[in-house]
Amino acid sequence: MRVPFRLLLAVLFAALVAGCGFQLRGTLSGNLPYKTMYIALPETADVNIWLQRYIKASGSTEILDEPTGAEAIFQQLSDSRQKTILSVNAQGRVREYRLQLNYRFQVTNPKGQVLVPPNEVSLSRDITFDDSNVLAKDLEEGLLWRDMNNDLVNQIMRRLSLTKPKNPNQQEDD
């Protein structure tokens, strides 16, 4: 019985990848260090919607509707989104745009004491532009903004799960 070369190669590759410890990223494995959290954002804000999904998926933190009973309060400090011209063609028409997202956040307790100091996430994507495909390019831009929102929330979750919260009673070193 002769085994096809491609099948043998595929099995060999799978064994090699499994043997090196490679794993797909999948969902965020890090749990947040808080039992309860309040997200101080409007209910319809994209960041709020995505954060709630990720936090509920992690299963270790309960999201509250009021800040009073929360152990931690997520606060947005700034959210800046810009679309700038990156290059133009010989006729002076736009050829490329750059989409930039800068987001700052912190985590406090209900007394206002900072648990996680201000963090900044900066993302950018470049997009080509074509006058003859305006609708398609608008759709592509919308998909890029959505992808950037997803990346933003992934980075926020990663930073929150890796950051050891400051003890508000602890004195800072000078």
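**Core**

I looked up the largest nonpolar core of this predicted model: it has 32 residues, and Leu51, Phe74, Tyr103 and Ile156 touch the most other members. Such a core is a set of buried Ala, Val, Leu, Ile, Met, Phe, Trp, Tyr and Cys residues joined through side-chain atoms within 4.5 Å, buried being under 20% relative accessible area with a 1.4 Å probe, protein chains only. H3 (134-162) is among the elements giving two or more residues to this core, as are E3 (72-88) and E5 (114-128); H3 gives the most, with 8 residues. Helices (H or I, at least four residues) and strands (E, at least two) are DSSP runs, numbered from the N terminus.

**Tyr103**

I listed contacts (heavy atoms within 4.5 Å) for Tyr103, leaving aside neighbours within four places in sequence. Among them are Leu41, Phe74, Asn119, Leu152 and Ile156.

**Confidence**

I checked pLDDT, the predictor's confidence in each residue, from 0 to 100. The protein averages 84, and 81% of the residues score at least 70. Strand E4 (residues 94-108) has the highest mean, 95, and helix H1 (residues 5-19) the lowest, 68. Over residues 23-29 pLDDT stays under 50, and the model has 5 contacts there beyond four places in sequence.

**Conventions**

Residues are numbered from 1 along each chain as its sequence is written, and side-chain values use heavy atoms, with hydrogens and water left out. As the model is predicted, local features need pLDDT of at least 70 and side-chain atom pairs count only at pLDDT 80 or more, while totals for chains, interfaces and linings use all residues.

Technical notes
Buried means under 20% relative accessible area, exposed over 50%, partly exposed in between (1.4 Å probe, protein chains only).
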